Amino acid sequence: QTSVKRKTQAPEFEELFSFDISIKEVQRRCLFLSVRDFDKYSRHCVIGEIHLPLEDLNIIKGGHMWKALLPPAHGRKTDLGDILVSLLYLPSAGRLNVDVIKAKQLQQTTIAGGSDPVVKVQLVIENRLVKMKKTSIKRGTIDPVFNESFSFNVAAEYLNDINIVITVLNYNAKGRDEFIGQVIIGESSSGPHEETHWSRMLGTNRSPVAQWHTLRSRAECNELASKVI
C-alpha cells in the first residue's frame, strides 16, 4: 500500500510497486486497486476501486493511464462484519504466527440482538487440514477484541501450499456454533484483499503484517473451501 496523503482530494503518490511473477502467469491475473480514506483507529473507508485484467494491458511496453474509480462492489447481500488479522512468518524457526486482533460490526445471529463470537483458525497444507485452534469466547458483543496469537510449525518449502481458514462463529452452548463469516488467506485466497495480505507477509522479513478483512458468506467460501480442505 502507498503512504497516506493527508487532507487532500488530489493526492500525488509517485510510488512504485513490483511483483515477482512470470509473464505466463501475468496473463491470468487481475490488478485490483482500491482507494481508501485512512482511519487510524478503525477500518479504512473505501472511496472507490478498479479491476484491471492484465491480459488486456501491454505489460511489456507499459505506460500511464487514467481510469475512473467505481463504487465498492457489494455482491454480498448481507454485511457480515470485518476482522483484523496479523500474520508473521519466521523462516529461521519455521513458524507461522496468526494473530486474531479484533472484529467489528459482526452480524447478529439471534433475535435478542446479541452475539457470543469465537474465531476458529485452521491451517491447511496441500489441501489437508493440519491444525485447528480457537480463540476464547467474547460474550454479548458484535465488536469483540481478542488479541490472541496462534503459532503453527510450517517449513519454508510448504509456504506456497498453505491456506489459513479463519471462521467467525457465534457460540451456542446448547448445540452447534452458528456461522457468521469466513475468509481464506494463502495460496487459494478468498479474494484480492486476502491475496494481498498473504503477498505482503511473504515479502516482509520478520515483521507482523496486520490487515482488515471483510467476512464472506458460507456460499461464497463453500466452493473455494471444498478445494482447500
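Helices (H or I, at least four residues) and strands (E, at least two) are DSSP runs, numbered from the N terminus.

## Basis and overall composition

This is a predicted model, in which local features need pLDDT of at least 70, side-chain atom pairs count only at pLDDT 80 or more, and totals for chains, interfaces and linings use all residues. Residues are numbered from 1 along each chain as its sequence is written, and side-chain values use heavy atoms, with hydrogens and water left out.

The protein chain holds three helices and ten strands. From the N terminus on, its elements run α-β-β-β-β-β-β-β-β-β-α-β-α.

## Burial, surface and contacts

The protein chain has 229 residues, and 35% of them count as buried (under 20% relative accessible area; exposed is over 50%, partly exposed in between; 1.4 Å probe, protein chains only). About 14,500 Å² of accessible surface is found for the protein chain, and carbon and sulfur atoms account for 50% of it; accessible areas come from the Shrake-Rupley method with a 1.4 Å probe, and for residues only the protein chains shown count as cover.

Contact means heavy atoms within 4.5 Å. Taking contacts in the protein chain between residues at least 6 apart in sequence, 59% join residues at least 24 apart.

## The four-stranded sheet

An open sheet is formed by four strands in the order E7-E4-E3-E10, with antiparallel pairing; two strands pair if DSSP finds at least two bridges between them. E7 and E10 are the edge strands, each pairing on one side only. On average, neighbouring strands of this sheet are turned by 20° against each other, direction ignored. Axes are lines fitted to C-alpha atoms, for helices over the stretch in contact, and angles run from 0 to 180 degrees between N-to-C directions.

Strand E7 covers residues 145–153 and is paired with strand E4 (residues 95–104) in the antiparallel sense over seven bridges. Phe 152 in E7 is the bridge partner of Leu 96, and Phe 150 in E7 is that of Val 98.

In a regular strand the side chains alternate between the two faces of the sheet. The covered face of E7 carries Phe 146, Glu 148, Phe 150 and Phe 152. Its uncovered face carries Val 145, Asn 147, Ser 149, Ser 151 and Asn 153.

## Helix H2 on the sheet

H2 packs on the sheet, where it touches E3, E4 and E10, and its direction makes about 170° with that of E10. The buried residues of H2 (residues 192–202) are Glu 194, His 197, Trp 198 and Met 201. Seen down the helix axis, they fall within an arc of 95°, so they line one face of H2; the arc is that of the directions from the helix axis to the C-beta atoms.

These buried residues pack against strands E3 (82–90), E4, E8 (162–170), E9 (178–186) and E10 (209–214).
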